Amino acid sequence: MAENLKEKTAKGLFWGFTNNSVQQLVGVVFGIILGRLLDKEEYGVMAMIAIFPLIAKELQQSGFTAALVNLKQPTHRDFNSVFWFNIIVGFSLYAILFLCSPLIARFYHEPALTLLCRYAFLTIPLSALCTAQNAWLFKNLRVKQQAKAGMTAVLLSSIIGATMAWLGCSYWSLATQSIVYIGVNTLLLWHYSPWRPTWQLDFGPVRQMFRFSCKLLATNIAIHINNNVLNILLGRYFTKSVAGTYSQANAWSSKVAYMVQGMVQQVAQPVLADLNDERERQLKVLRKMVRFTAFLVFPMMAGLALVAREFIVLAITEKWLASAFLMQLLCISWACAPIVTLLSNAIISRGRSDVYFWCNVVLAALQVSLMMILAPMGMHQMVVGFVTLSAGWTFVWLFFTRQLTGYKLWMFLMDTLPFLLASISVMAVTYLATRTLTSLWPLLLARILLASLLYFLVMRLAHAKILDEVLAFAKRKK
């Protein structure tokens, strides 16, 4: 049983990493293309309305994916109940937002948003069609199938989005890209999942799960508000150009973090939930996941901050140079995001959706309040405040994880601090060794290659066990 779970986790991490690596790589390639073809104002328009479909999607799903995963043996009746609930809510929410689109346009003083909202929000009913299928694959650790669906969807949608941008379709290309991604992903999840709905409308299981899932619903809405608070306020109080500048910085800094975060999120909750009856083993697995995450995310985010200026100028031209400094700041908070994902999944796996709820709701309330206070001081002060609070809140998550799993502060520091210090030291040495280079291409390549080599050597010399395990697994897959 132990070996089986270990192999499932390893395969899940492998396919999660493959999925997110491919998706982020495709995102980088087409992000460069779109960044060159579109302007700040066009990105800003999409950033302003991004929060609405995200909240609507959470209202539609209502936390039932996590609720189904936490059930020991969910039945067809459970999945069927969730499926029809999502269909009804998803289509109802689209109708409401369709009617509210003029109000959204009035809030941002942008009349063109009315039609754009009605088009972009089509992602809501499309995603409603696959929640149960996705939950089935997630529960059964079918990460490979989810990966294939995600990789195919992101490639096709990116090609279509870039083609439309090249043809001069402005922000409609970004909206279409999202719609195509959700549509293709939905079709493929139906293809890979053997579960099929039946015409039995029974909402009894939904009612039973709602006490747990409603907290996740409110929590995930708070998370989206927290992640998009700057998009909302910058679009409201500043200009479309300012919102677009921040949006581009956040998009690039989040790509690396999502690569790691998406990988661990694919397996964290199902694996930790399976170990609820074995506290010692659950803590051991959690610590190993944290070490693995820190081993990857700290050097990646520190490296991205190191080459931010060169990357922005070379990839999407100097018109986006103002995004480089914001990107460096955001790398700090995004470096903590995958670790927070693990800590929060440990809390959810213990059935404590109330703790998950309050941690996120309080953070969102503090972020909104802080951003409102800092808004008169300017965009940069708002970003600094956002990053500081987001990164510092990691220790609030750790406090509650310790109460539920026994994961103490000294354990957390032992699991993360060596990788953080190694990453900072490597980037500092790399910066000093390459600062005399003036040509951007040689500078970018030299910093990437030197930093990668130095970090690998440091891990080797330190006999990092996690590196040995990663290399051993890679050899087995080969």
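**Note on helix packing, buried polar residues and aromatic pairs**

1. Asn231 lies in helix α11, which spans residues 204-237. The model under review is a predicted one. With a relative accessible area of 6%, Asn231 counts as buried, because the cut-off for that class is under 20%. When its neighbours within four places in sequence are left aside, Asn231 is in contact with Ala47, Met48, Ala243, Tyr246 and Ser247.

2. Gln24 is found in helix α1, residues 2-37, and is buried at a relative accessible area of 12%. Residues up to four places away in sequence not being counted, Gln24 touches Lys255, Tyr258 and Met259. The C-alpha atoms of Gln24 and Ala257 are separated by 9.7 Å, although these two residues are 233 residues apart along the chain.

3. Helix α5 (residues 76-107) packs with helix α6 (residues 113-120) at an angle of about 155°, and their axes are 8 Å apart. Angles over 145 degrees count as roughly antiparallel, so α5 is roughly antiparallel to α6. The crossing of α5 and α6 is right-handed. On the α5 side, the contact involves Tyr94, Phe98, Ser101, Pro102, Ile104 and Ala105; on the α6 side, it involves Leu113, Thr114, Cys117 and Arg118. Sorted by class, the residues of this contact are seven nonpolar, two polar and one charged.

4. Val355, Tyr356, Cys359 and Asn360 of α17 meet Val396, Trp397 and Phe400 of α19. This contact has six nonpolar residues, one polar residue and no charged residues.

5. The other packing joins α19 to helix α14 (residues 279-306), at an angle of about 150° and with the axes 11 Å apart. Here too the angle makes the helices, α14 and α19, roughly antiparallel to each other. Arg279, Gln282, Leu283 and Leu286 of α14 make the contact with Thr401, Leu404 and Thr405 of α19. By class, the residues in the contact of α14 with α19 comprise three nonpolar, three polar and one charged.

6. Which residues form one aromatic cluster? The members are Phe79, Phe83, Trp84, Trp190, Trp195 and Trp199. Across the whole structure, a search finds 19 aromatic pairs. One of these is Phe83 with Trp84, an edge-to-face pair at 5.0 Å centre to centre and 85° between the planes. Phe83 and Trp84 are both buried.

7. The pair of Phe357 and Trp358 is also edge-to-face, because the planes of the rings stand at 70°, and the ring centres are 4.8 Å apart.

Key: Residues are numbered from 1 along each chain as its sequence is written. This is a predicted model: local features need pLDDT of at least 70, side-chain atom pairs count only at pLDDT 80 or more; totals for chains, interfaces and linings use all residues. Side-chain values use heavy atoms; hydrogens and water are left out. Contact means heavy atoms within 4.5 Å. Helices (H or I, at least four residues) and strands (E, at least two) are DSSP runs, numbered from the N terminus. Ala, Val, Leu, Ile, Met, Phe, Trp, Tyr, Cys and Pro count as nonpolar, Asp, Glu, Lys and Arg as charged, and the others, Gly among them, as polar. Rings of Phe, Tyr and Trp (its six-membered ring) pair if their centres lie within 6.5 Å; planes under 30 degrees apart count as stacked, over 60 as edge-to-face and the rest as tilted. Buried means under 20% relative accessible area, exposed over 50%, partly exposed in between (1.4 Å probe, protein chains only). Axes are lines fitted to C-alpha atoms, for helices over the stretch in contact, and angles run from 0 to 180 degrees between N-to-C directions. Angles under 35 degrees count as roughly parallel, over 145 as roughly antiparallel, 65 to 115 as roughly perpendicular and the rest as oblique. A crossing is left-handed if the near helix is turned anticlockwise from the far one by less than a right angle, and right-handed if clockwise.
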